[in-house]
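Here is my note on this model. Please read the points with the structure open beside you.

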Amino acid sequence: MIRIAPLVLSALLVASSLALVTSQYRSRELFAELEIAQQETKSLDAEGSRLRSDLGRASQPATVEAVARRLGMRPINPDRTVMLPALVAPAQPADAMTTKGRQ
């Protein structure tokens with residue numbers, strides 16, 4: 001019985017040491033992942049700021065007009081504007097819709 005106690009204690013010490021090493025390794029691994037995620041967050045924040053700036057610049061009337069001219073668009077000219085009559089679809093009674101589905 002006296003010989004078993006040191007063996008059990010030695011086994012517990014080895015198991016405890018392995019658990020400590022494993023937890024430290026996992027802790028360092030998680031810290032590295034956290035650093036990568038924080039760098040990605042900073043990168044995405046910078047890209048979001050750049051995109052908001054681009055959107056603000058692109059929504060300026062002068063920018064829209066310049067792009068429209070490059071595409072060959074022209075300002076509205078009332079002399080060349082043609083108004084088309086609105087087409088009104090004939091109304092169908094609700095009963096006609098249900099009888100068509102039954103046929």
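1. Arg-26 has a relative accessible area of 41%, so it is partly exposed. Bear in mind that this is a predicted model. Arg-26 pairs with Glu-29 in a salt bridge, and their closest N and O atoms are 2.8 Å apart. Both residues sit in helix 1, three residues apart, about one turn of the helix. Glu-29 is partly exposed too, at 30% relative accessibility.

2. Look next at Arg-50 and Asp-54. Their side chains form a salt bridge, at 3.0 Å from N to O. The two are about one helical turn apart because they lie four residues apart in helix 1. Arg-50 is partly exposed at 44%, and Asp-54 is partly exposed at 28%. Arg-57 joins these two in a network of salt bridges.

3. Helix 2 covers residues 61-70 and holds both Arg-69 and Glu-65, four residues apart. Their side chains meet in a salt bridge of 2.5 Å, N to O. Is Arg-69 buried or exposed? It is exposed, with a relative accessible area of 54%. Glu-65 is partly exposed, at 41%. In total, the structure has four salt bridges.

4. Now the nonpolar side. Ile-4, Val-8, Leu-9 and Leu-12 make a nonpolar surface patch, with about 400 Å² of accessible area together. Leu-12 belongs to helix 1, residues 4-58. Its relative accessibility is 53%, so Leu-12 counts as exposed.

5. Last, the whole chain. It has three helices and zero strands. Of its 103 residues, 2% are buried. The chain exposes about 10100 Å², and carbon and sulfur atoms supply 65% of that area.

Terms used: Residues numbered from 1 in each chain as written. Predicted model: local features only at pLDDT ≥ 70, side-chain atom pairs only at ≥ 80, totals over all residues. Heavy atoms only, no water. Buried < 20%, exposed > 50% of the residue type's maximum accessible area, 1.4 Å probe, protein only. Areas by Shrake-Rupley, 256 points an atom, 1.4 Å probe, with all protein chains shown as cover. Patch = residues over 30% accessible without salt bridge, like charges linked within 9 Å, V, L, I, M, F, W, Y side chains within 5 Å.
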